[in-house]
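We will take a short walk through one protein, stop by stop.

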Amino acid sequence: SASSGSGRARLSVPSSEIRPLLLRLPNWLGDLVQAFPVVEAAASEAPVRGVLFLGPEAFATILEPRFPSVTYLRWSRKRRFALLGAIRRRRPGVSLLLTESLSSAILAALAGIPVRIGYDAELRGLLLTRRVARPFAARSAPRAEEYAVLARAAGLRVEPAHPRLAALPGELEAADTLLRRVGVAGESYAVLAPGASYGPAKRW
């Protein structure tokens, strides 16, 4: 690849031959929010090369309204390889794996994606064509920065890596409706998260 004047890497082939980018999203909502700078950078490539998001079905309600030019592929933990055919048909040329699971690398390899970028974790190094070196020990830096390092290795411009997620007008209207229904419209209130679906790690 070659760098353009904007600092964003471009493939050195005619635009008609550029294949889509597949972005494998994190599996958890908090991680998705931290990955938002990468998500936005990838989505900005959609007019040029086509972009596919691969992630849990629940994230579609967040991402599809914000990035209508991106194809969202709904992934299920119970059927991890069910999307193999759908991915192959879209012929992505690059897969950027924000997850560190072995199964995500297996899926990208079985789909025949020629460039597979990610951290070398869970003994999946041989399945990656570009193993990204961590500039810091795992889990010692903000997750957002870990994701940004991966994105830059794929030629995406993610700078600075400050996660932001703004509510859309329809979402604000739905929130107002909910607050009126429970009788706290215009009042002060607090939202607590006393537990999580994954063990005690996020329990308050």
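**Before you start.** This is a predicted model, in which local features need pLDDT of at least 70 and side-chain atom pairs count only at pLDDT 80 or more, while totals for chains, interfaces and linings use all residues. Residues are numbered from 1 along each chain as its sequence is written, and side-chain values use heavy atoms, with hydrogens and water left out.

**Stop 1: the whole protein.** Show the cartoon view and look for eight helices and eight strands. Helices (H or I, at least four residues) and strands (E, at least two) are DSSP runs, numbered from the N terminus. Of the 204 residues, 41% are buried. Buried means under 20% relative accessible area, exposed means over 50%, and partly exposed is in between (1.4 Å probe, protein chains only).

**Stop 2: Arg74 and Glu64.** The structure holds eight salt bridges. A salt bridge is a side-chain nitrogen of Lys or Arg within 4 Å of a carboxyl oxygen of Asp or Glu. Select Arg74 and Glu64, whose closest N and O atoms are 3.1 Å apart in one of these bridges. Arg74 sits in strand 5 (residues 71-75) and Glu64 in helix 4 (residues 60-66), so the pair ties together parts that are 10 residues apart in sequence. Arg74 is partly exposed at 37% relative accessibility, and Glu64 is partly exposed at 32%.

**Stop 3: Arg66 and Glu171.** Next, select Arg66 and Glu171, which form a salt bridge with the closest N and O atoms 2.6 Å apart. Here distant parts of the chain are linked: Arg66 is in helix 4 and Glu171 is in helix 8 (residues 169-181), 105 residues apart.

**Stop 4: Arg143 and Glu146.** Finally, select Arg143 and Glu146, where a salt bridge spans 2.3 Å from N to O. The two lie three residues apart in helix 7 (residues 143-153), so about one helical turn separates them. Arg143 counts as buried at 15% relative accessibility, and Glu146 counts as buried at 0%.
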